[in-house]
Amino acid sequence: MTEKLKASDAFGQRVQTPLDIDGAEWHALSEEEVLRRLATSLDGLSSEEAEVRRQRFGRNILPVRPPPTLLEIILHQFKSPLIYVLLVAGVVSILLEDVKDAVFIFAVVLLNASLGAFQEWRAEKSAAALQSLLRVYVRVRRDGAERLMDAEELTPGDIVLLESGNRVPADIRLLHTHNLTVDESLLTGESLAAPKRAGALERDLPLSERVNLVYAGSTVITGRGVGVVFATGARTTVGEIAAATTTADTAKPPLVIRMERFARDVSFAVLGASALLALIAVSRGIPYNEVFFMAVALAVSAIPEGLPVALTVALSIATHRMAKRNVIVRKLTAVEGLGSCTYIASDKTGTLTVNKQTVRKLVFPDGLTLHVTGEGYSGQGEILMENGAPLDEFTEARVEALVRIGILCNEGHLVYDKGTWEYHGDAVDIALLALAYKIGADPTKAREAVQIVAEVPFESDRRYAATAYRWNGAGRIAVKGALEVMLPYCTHMHTARGVETIVAAPIEQAAMAMAANGYRVIALAETAPCVSDEDVTLDDNRLPPLTLVGLVGLIDPLRPEAKPAVQKCMEAGIRVAMITGDHPATALAIARELGIASSAEEIVTGKMLAEVGPADTPAFIETVQRARVFARVTPMQKLAIVEALIRLGHFVAVTGDGVNDAPALRAANIGVAMGSGSDVAKDVASIIVTDDNFASIEAGVEEGRFAYDNVRKVTYLLISTGFAEVVLFTLAVFSGLPLPLFAVQLLWLNLVTNGIQDVALAFEAGEPGAMRRPPRKPTEGIFNPLMVQQTLVSGLTIGLIAFGAWFWLLRAGYDEFAARNLLLLLMVLFENVHVFNCRSEYTSAFRVPLRNNRILTVGVVVAFCIHMLSMHIPFMQELLRIAPVNLQEFGLMLALALSVLAAMEIFKWVRSRSPRDAFAASGAR
């Protein structure tokens, strides 16, 4: 039972003595001494005093690794083998007295470093902004009243109220406890939850045995507790550990690792090809210095060194877009994972429904049924007879008995203050308080009118709450909970004729009928009045004989946007299932309305799963495979369901909000926590949905697909253009022709086109058909058959036509200077045209609106104008060995450049005719 403090009246008064916290052994002090040394009381600190202490002790945040400085970010840009190659080339240019090339090479290095530093700085700012959205809130007593506040605002002396599912926000000395257990595995390594209690302990005890203390970062598993903060931030036990670990490097997300490995493999291939071409060029008598710069420039131009930066930009943009749609990405891997999600196992309450329970029906054991009007958490509404008539005096008395139990077995809070209804607590508790207001009762006064002897709070494993109290000289125990749990203890029932022996069958039928219509059914019962205090004691594990008073039917209506969001996911090839602790009939009613399930055969209960056998048996996996709704399942069964789905080859996203959802959230490919959920659920999840809305999950899936598509588009652009340059040089060397472009020209080409376009392409808006295509296989790599085909088609088109133009220009009488000038212009035009092919892998470039990515359009125009302007500036003419061209020559080069657009349009059209790709192509349109 609740352990209460025994203290004088002065114990509750605000203490004005100065703080005395240095060297205190908090576990060994009495409660009175703890409060004295912290200069506080059970009413908590005043707002003014809390602010003074916060100025002294700082905000309640753990030490973190400071973000990199701007100088560190800039220096980081030079940690690349490609940069080393360029720097060596610049030094060699100086030794060869080719100052112009050296200046240009160093300018390219500095410009690339500047762009990379800017992008990395923006990514750091983005990460900091997103982390600011991930707040932990805690219930605190301030100025004598309870309030919900940001845990960062805590300071020594604050009185904190803890309950199951909370993350402990600071180091706290416990003053009251009830059935309190805490997971301290992050400190002790002990996997079992540690029981906690109030009271002073011996001095010489190890940390794991100080049962009257709870530590920041640990998690409340069961029960309730009240305590006083004695350490915050870096002064906490975990803060001291964090201070020693802030220099540790964080791991890169798998997608980034895979893409960097891919870029490295391509780099080796290009370097090998460049070396081979260099050997062939030397054997053809081309000067060594010219061959060296050709090999360096070709390698730098062809290697997709901008891929990691562009990838980071694409994922960073996706996280921002998701945040705008109420989805906070905690782990970058989730952006990639959402693009391949094949199965969403969703909670019902709060995710698919509005999570505002409303009492709509009262059913008494003798069959009397009453209707309740009004919506949501307020006292607006009334209780009426089944025919709509007002209640008679006798029925009012029966309702009052029902309402009294709902008030006493209640941890919620609902009050009308300054024109608004303020509430917090469990949804059912708040709905029962709203019901009380509808008959004119004041819950606060009703509780004050009785003497509470003991309480057993509601826990998901127990599925009932009980309160022992004394009223009008007699003792009673009031109980509320699931009918199937309480009915075995009910020996009698209240009827219009008085108290009678219970007849269970009609009551069960009434509950089933309510559940079939989507109601959540709560049973309310009490014991007979008694005089002896021994008869009003509570056992946490067993109830006394009860008299059933009645059933309450609550409805949690669907969110208006839930049904279309579910349908959109199904159209995207994602299977949606519902996992709930509700009654199977209630779950089926909601599932039917959503279109998730249509018959009882698609429902699997926790009892059925237990009867099937172990989770790794074929029968269990087959049962999970056919189900669309899982009802009355335990937390461990939810975990087993997730593991079975993964064995079936699904990429699973699971939603949850409670501490009991944590195992399933951790096991899922994508754990999705609700913004209003417990701290532990948010801690293990990859994604947090701030508005608890399934439509936001669907939006997150869509944004994930957009992000993955953009990663592919950037990869396609960089690889195909690099491949084209390799094709051009290979054909020129093997044909015995002069080198098509000089080193500085290749570097310029890489700078004015890919250097702008790859980052700009990452801003591409999502294609409408993304949610009409089936999800990709989780094992599928970026460079899949489609990527290979489109790279070959576009790369060969650019490379072959560029080589043909080089060959023709030389044969047509152009000297090498004029021919290279035109060829460089052609390659700039090729890449400016080709980037529009890369905006969609399925849709015609003419069908993708320019407004979907104005940054890219501006980037292409800027890149083109820079090159055209350079052709008229003497310094740039001399540096790049270029000159103006006439309108006829420009028109010819533009016509040749448009050939890659025609080639890819034909390629997309042919693929759209293929039955295998028709669905994807039509979806993209």
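Me: How many residues apart are E49 and R53 in helix α2?

Reply: This is a predicted model. E49 and R53 sit 4 residues apart in helix α2 (residues 47-57), so about one helical turn separates them. The two form a salt bridge, and their closest N and O atoms are 2.7 Å apart.

Me: Is R53 buried or exposed?

Reply: Buried means under 20% relative accessible area. R53 is buried at 3%, while E49 is partly exposed at 30%.

Me: Which parts of the chain does the pair R325 and E703 link?

Reply: R325 forms a salt bridge with E703, with the closest N and O atoms 3.0 Å apart. The pair links distant parts of the chain, 378 residues apart: R325 is in the loop between α10 (307-324) and β8 (327-329), and E703 is in helix α24. R325 counts as partly exposed, at 29% relative accessibility, whereas E703 is buried, at 7%.

Me: Which residues touch the most other members of the largest nonpolar core?

Reply: In soluble globular proteins, nonpolar side chains tend to be buried together. Here the largest nonpolar core has 66 residues, and I344, L352, L594, I670, I687 and F694 touch the most other members. Helix α24 (residues 694-734) gives the most to this core, with 11 residues. Another core, of 48 residues, lies apart from it and includes L277, L728, L824 and L825.

Methods
Residues numbered from 1 in each chain as written. Predicted model: local features only at pLDDT ≥ 70, side-chain atom pairs only at ≥ 80, totals over all residues. Heavy atoms only, no water. Core = buried A, V, L, I, M, F, W, Y, C linked by side-chain atoms within 4.5 Å. Buried < 20%, exposed > 50% of the residue type's maximum accessible area, 1.4 Å probe, protein only. Helix = DSSP H or I, 4+ residues; strand = E, 2+ residues; numbered from the N terminus. Salt bridge = Lys/Arg side-chain N within 4 Å of Asp/Glu carboxyl O.
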